[in-house]
Structure formats: C-alpha cells, structure tokens
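Reader: Hey, I'm new to this one. Could you walk me through it?

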Amino acid sequence: MHTRATGGIAALLAATALLTACSSTSGEPPPPAPEAPADLSAGLSEPVADPLYPAYGNPAVDVLHYGLSFRYDPDGAVLHGRAALTIRPVRDATELRLDLAAGLTVTEATVGGQVVTATHDGHDLAVPATVHKDQNILLTVTYHGVPAPVAAPAERPDMAAGVGMNVDSDGSLWTMQEPYGAFTWYPVNDHPSDEALYDFSVTTPEGWTAVATGEHMGTEVADGEQTSVWHSPEPVASYVTTLAVGRFTLHDQGVFGDGVRVMSWLPENAPPEWVDAVARIPDMLSWLEARYGPYPFGQAGVVVVGGRSGMETQGTVTISAGLASLGGPRTQRVLLHELAHQWFGDAVSPRDWRDVWLNESMATYAEAMWAVDEGLLTEAEAVAVWRDADQELRGDYGPPGAYDPAAFAARNVYFCTALMLHELRGELGAETFERMLREWVQEQPNTTQDRASFTAWVNRYGDEDLTGFVDAWLDSPTTPAT
C-alpha cells in the first residue's frame with residue numbers, strides 16, 4: 001500500500017501561495033525549498049566513482065534528500081532555483097563538491113544556515129565546508145539561468161541535440177538526461193550510485209503546468225500563478241528525475257492496482273497515437289505486473305514533450321511527441337519499454353554506467369515479449385532480429401559489458417543482451433527464468449546492482465555455474481550465438 005504525507009505538503013502549498021501572492025515569474029526567486037522528511041534512511045547510498053564518465057558525480061558525498069523549488073518564466077526561459085540538499089559526507093572534508101551547469105548563476109550558498117562563498121568552475125560547484133563523516137549537513141544553493149543541454153557521449157541520432165534540460169521555442173521545457181544531465185537544472189551528485197529522496201515545488205504562470213518526479217501532491221493557483229508540488233517517497237537516481245513545463249492536458253485514469261495513481265500529461269493537439277497509447281497504460285501495467293510483480297511506485301503515467309526520444313523517468317515517463325511518427329503499434333512498444341524500466345532501471349538501478357545493459361536488456365526483452373503477446377510479431381522473429389544484429393553491433397560499438405564510452409546506449413546494450421536473456425532462459429528453463437527476473441526486483445527494490453551481483457543472482461537459479469556464460473555474452477568481441 002502506498003501512503004502519502006499530505007499534511008506537510010498542504011502546509012507548503014499554503015506558504016507558497018502567500019509568498020507568490022505579491023510576485024511574478026518574471027524575476028522573483030522561488031519560494032523556500034521543501035523541507036526534508038524526518039526519516040532519510042531510504043536515501044542512504046554508497047556512491048562510487050564512475051569508470052566511464054569520471055567527471056560527473058562525487059563518491060565523497062551521499063545526498064539523502066533534494067528539496068527543489070523552482071519559479072519558471074516561459075517568456076524569458078529563465079529558471080530560478082532554490083535547492084536544499086541534505087548530505088551525508090562519506091569522509092571528512094573541507095568542501096562539498098557537486099555538479100551544476102556553467103550556464104546557471106549561483107547567487108547564494110549556505111552550509112548549516114551560514115552563508116559561504118561557492119566556487120563555480122565549469123560544471124563543478126565547490127562549496128567550502130568543514131564536514132565530518134556520517135554527520136549530515138544541509139546545503140542550500142540559490143541560482144538562476146536559461147537551461148541548456150550538454151553534449152551526449154553517444155552516436156544516436158535522437159541524442160544529437162545533447163542531454164539535460166531543453167527549452168522549446170514556445171518556452172516549454174523538458175529534460176532527458178541519461179547518463180548525466182540533471183546538473184543542467186539543479187545542483188546534484190550526478191551519478192546513479194547516489195540515489196536520494198526528492199521533493200519539488202514548481203511555480204509557473206497560470207495555464208502552464210509543471211510535471212516533476214514522484215507523486216503529484218496538488219496544485220495551488222493564486223494571483224496569476226500556479227504552484228505544483230511533487231513528492232518521491234522512494235529513492236531516485238538523478239538520471240531518472242524529470243521536470244517538464246508546458247500547456248498540458250491531464251489525462252487522469254484513476255487508481256490502478258494497489259493504490260497506484262495513473263496520470264498523464266499531453267500537450268494541446270497531441271498526436272492521436274499518444275492518446276491511444278496513454279489509454280493502454282493500465283493494460284500495460286497489468287501485463288508487467290503479471291510477469292514482474294507489483295508496480296514499484298505510487299504513480300504511473302507519461303508526460304509528452306519535444307525532442308526525439310523517450311526516457312524512463314521515475315513514476316512519470318518522459319516521451320517525445322515525435323515518436324508518434326513510428327505508428328500506433330511501434331509507439332505503444334516504446335511506451336511499454338519505458339514502463340518496463342520502472343522495474344528494471346528505476347526500482348533496481350545500475351551502480352555505474354558500465355552496466356547500462358542491466359536496464360536495457362530486461363526492458364528490451366519485456367518489450368518484445370509484450371509485442372509477441374499482442375500478436376505484433378512472433379518470438380522467433382524477435383530473436384532473429386537480435387541474433388542477426390549481434391555480431392555487427394559488437395564490431396561497431398564493442399561488447400555490451402565493455403562498450404565504447406563515446407557510444408553510450410547504442411543498440412549493443414539492447415539487442416545483444418536481450419539475446420543473452422533469451423539464451424539464459426534456455427539454460428534455466430522458462431519457469432525458473434521468469435521467476436528469476438521477477439524476484440530480481442521484488443527481493444531487492446530501491447537498490448543499485450552491477451554485473452557481479454547479477455551473475456551471483458543467475459547462479460542462484462542455475463544447476464551449474466553460469467559465470468562463464470554471462471562473461472562471454474558481456475565481454476566477447478565475437479557473438480556467442482550459435
């Protein structure tokens with residue numbers, strides 16, 4: 001059962017209404033950042049340095065909670081932010097170092113309530129602070145700027161414009177930020193190993209709707225502005241956070257299963273393919289739950305934005321309207337893939353970016369099996385696509401467990417490892433294989449995992465040691481397929 005702490009949210013909305021009554025989105029700073037919950041244990045992490053993208057993230061800090069307050073002006077595309085980060089230092093230090101885009105101007109920083117002078121060099125934000133291991137400290141940062149994406153370490157056409165926050169010509173904004181890019185709109189330890197709790201308060205002009213990570217706790221309208229509040233009771237990796245502001249229409253599909261709210265936000269004149277796809281979300285969730293267990297979060301749905309891609313942002317999936325051009329069935333497959341990531345990638349996340357295949361193998365496999373059940377193709381046809389592409393993809397981008405870092409999220413981490421799962425099903429037997437995938441999520445929710453833990457998990461279900469099997473599929477430059 002999912003519960004909601006509505007008392008504190010109601011108080012925040014009331015305070016925000018008072019603060020915004022005499023202001024506008026044209027240049028005023030945002031209201032105070034949401035306070036952290038009393039219990040921060042779910043935000044505890046063991047951060048690591050990333051071997052592929054070491055410039056992002058800091059293993060010396062464990063952010064337990066982000067309280068993020070924004071005021072956004074679509075006319076000037078200026079985002080005003082106030083962030084309150086509750087941080088557990090991993091070791092004694094004399095500074096707190098985080099990621100924040102160079103284009104965002106810091107106007108104030110405080111540590112433990114005391115104003116300090118932060119240094120902002122490129123995307124490195126360094127805040128002087130004498131901190132001690134495991135003694136939590138509160139950092140606040142007030143800033144503003146016009147958000148912009150940064151170059152992606154990828155060759156995919158849908159990532160050519162970069163990753164992070166985008167502003168469209170009409171002033172609407174949205175973000176897709178894998179493997180990094182959250183730092184383009186808030187100060188963050190931008191690495192999947194440091195999951196944290198989140199609370200958002202977003203103030204926009206009336207008529208502009210803000211959609212953020214977590215569960216929608218309510219919206220207040222006062223003096224031409226509206227403030228939406230969002231709350232994540234489960235930890236979130238930074239790359240699956242989201243903020244979208246646009247002229248959206250809410251499609252509220254009520255409550256699904258064990259109290260899960262299904263709410264989607266579509267733009268005016270949304271492509272009919274997305275209207276049809278959104279209508280199928282409850283059916284898709286039922287299919288996924290039957291295979292992989294209860295939906296992991298308190299809210300499900302999509303927000304349809306610009307761009308050319310899709311992203312498994314936690315709770316509310318971020319999808320590009322342009323993907324409607326794929327056609328109805330293919331558009332629905334994209335949505336099923338991103339919903340599957342709520343189990344594989346969001347509830348259980350990769351510890352570092354070497355193991356992005358952990359996410360994509362399982363979501364690709366689930367997408368194909370759903371398409372088979374929908375009668376869109378046969379299982380043999382799905383497997384043939386993976387098998388035919390396996391060698392070429394390894395040659396172009398490297399094996400999926402040791403891919404070219406300049407080719408992040410190429411098809412090798414999708415197709416080659418989906419084929420690995422298919423072959424693993426043959427090794428374990430269909431019933432044991434399906435149970436293994438289901439229990440992967442249900443027995444270790446809200447955790448980060450890696451190749452070693454996956455291999456140990458597989459060996460738990462096999463009659464023989466399958467370490468060599470997994471290593472061959474992840475490391476071999478030539479296809480293990482026969």
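Author: Here's a quick chat about ring pairs first, then helix packing. This is a predicted model, where local features need pLDDT of at least 70, side-chain atom pairs count only at pLDDT 80 or more, and totals for chains, interfaces and linings use all residues. Residues are numbered from 1 along each chain as its sequence is written, and side-chain values use heavy atoms, with hydrogens and water left out.

Reader: How many aromatic pairs does the count come to?

Author: The count is 25 aromatic pairs. Rings of Phe, Tyr and Trp (its six-membered ring) pair if their centres lie within 6.5 Å; planes under 30 degrees apart are stacked, over 60 edge-to-face, and the rest tilted. One of them is Tyr 66 with Tyr 186, which is edge-to-face at 5.5 Å centre to centre, with 80° between the planes.

Reader: And which parts does the pair of Tyr 66 and Tyr 186 tie together?

Author: Tyr 66 is in strand β1 (residues 61-73) and Tyr 186 is in the loop between β10 (173-176) and β11 (196-205), so the pair ties together parts 120 residues apart in sequence. Helices (H or I, at least four residues) and strands (E, at least two) are DSSP runs, numbered from the N terminus.

Reader: Is Tyr 186 buried or exposed?

Author: Tyr 186 is buried, at 0% relative accessibility. Tyr 66 is buried too, with a relative accessible area of 1%. Buried means under 20% relative accessible area, exposed over 50%, and partly exposed in between (1.4 Å probe, protein chains only).

Reader: What about Trp 185 and Phe 200?

Author: Those two are stacked, 6.3 Å centre to centre with 20° between the planes. Trp 185 sits in the loop between β10 and β11 and Phe 200 in strand β11, 15 residues apart. Both Trp 185 and Phe 200 are buried.

Reader: Switching topic: at what angle do α6 and α7 pack?

Author: Helix α6 (residues 379-397) and helix α7 (residues 412-428) pack at about 130°, with axes 8 Å apart. Axes are lines fitted to C-alpha atoms, for helices over the stretch in contact, and angles run from 0 to 180 degrees between N-to-C directions. The two helices, α6 and α7, are therefore oblique to each other; angles under 35 degrees count as roughly parallel, over 145 as roughly antiparallel, 65 to 115 as roughly perpendicular and the rest as oblique.

Reader: And how do α5 and α6 pack?

Author: Helix α5 (residues 356-373) packs with α6 at an angle of about 150°, their axes 9 Å apart.
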